[in-house]
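Let's take a walk through this model together. Have the sequence and the 3D view open side by side, and follow along from one region to the next.

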Amino acid sequence: MYLSGGRYDALFLVVHMPEIEGMALARLLRRFADPPAVVFVTGHPDAAVEAFEIQALDFLVKPVGRDRLEAALDRVEAHARPPVPVAADGTTIGSSSGGAGGPDVVAVDNPKGGGKRLVRLETISIAQANGDYARIVCDDGRFLLRTPLSQLEKDWAPNGFARVHRAYLVNLTHAVELRAQLNGTAMLIMRDGTEVPVARRNVAALRRRLHA
């Protein structure tokens with residue numbers, strides 16, 4: 001297999017290949033300066049956790065329906081688009097609705113019995129910085145994700161997530177109210193009642209996004 005002849009937006013791989021395993025190739029691709037997105041097409045659903053650990057863009061289980069394939073191609077197209085514009089204060093500006101620009105499932109540490117658990121990105125409301133990890137809050141509970149918040153900010157921006165504070169990344173589809181504070185900061189109220197602090201420098205850009 002030769003990948004030096006040009007730039008590829010995405011590669012569709014199977015888990016078991018004759019010369020090199022699909023997972024091994026995907027890990028090698030992560031070393032590229034500008035790696036292509038990876039989409040797995042396989043009959044082995046148990047490989048999903050490992051696929052998303054190496055940040056595969058999507059994971060299709062055979063037999064693959066037309067609608068599911070088209071959704072994966074839409075995700076590849078969105079991934080290959082230019083980056084979302086950034087405001088002067090460093091806040092990403094874009095639609096607050098969920099999108100197809102990033103992986104829609106992430107593998108998190110399962111606190112019950114160890115191992116990994118797959119969580120749909122749309123069910124995650126908050127990610128909180130915890131050193132080189134992130135603690136996430138989702139419909140199924142709270143989990144630990146072995147990825148720093150700075151990386152999640154980049155990966156999840158196309159799915160409607162915004163960095164509102166140095167310690168918090170939120171899913172704007174779960175937000176219901178932006179409550180201004182006297183000191184110029186704000187509190188973002190999530191639909192479960194959780195209050196998330198918003199840094200002063202992010203308030204104006206966040207207000208524009210919520211009212212876009």
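Leaving aside its neighbours within four places in sequence, which residues is S125 in contact with? Keep in mind as you look that this is a predicted model. The partners of S125 are V137, C138, L169, V170, N171, H174 and M190. S125 itself sits in strand β6, which covers residues 124–130. Its relative accessibility is 6%, and because buried means under 20%, S125 counts as buried.

Now step back to the whole chain for a moment. Its secondary structure comes to five helices and 13 strands. Of its 212 residues, 42% count as buried. The chain exposes about 11,800 Å², with carbon and sulfur atoms supplying 51% of that area. If you take the contacts between residues at least 6 apart in sequence, 44% of them join residues at least 24 apart.

Next, turn to an open sheet of three strands. The strand order is β1-β2-β3, and the pairing is parallel. β1 (10–13) and β3 (58–61) stand at the edges with a single partner strand each, so one side of each has no neighbour in the sheet. On average, neighbouring strands here are turned by 15° against each other, direction ignored. For L11, the bridge partner in β2 is V38.

Helices cover this sheet too. Helix α1 (residues 22–29) packs on the sheet and touches β1 and β2, and its direction makes about 175° with that of β2. Helix α3 (residues 66–79) lies across β1, β2 and β3, running at about 165° to β3.

V170 brings us back to where we began, as one of the residues in contact with S125.

Terms used
Residues are numbered from 1 along each chain as its sequence is written. This is a predicted model: local features need pLDDT of at least 70, side-chain atom pairs count only at pLDDT 80 or more; totals for chains, interfaces and linings use all residues. Side-chain values use heavy atoms; hydrogens and water are left out. Two strands pair if DSSP finds at least two bridges between them. Helices (H or I, at least four residues) and strands (E, at least two) are DSSP runs, numbered from the N terminus. Axes are lines fitted to C-alpha atoms, for helices over the stretch in contact, and angles run from 0 to 180 degrees between N-to-C directions. Contact means heavy atoms within 4.5 Å. Buried means under 20% relative accessible area, exposed over 50%, partly exposed in between (1.4 Å probe, protein chains only). Accessible areas come from the Shrake-Rupley method with a 1.4 Å probe; for residues, only the protein chains shown count as cover.
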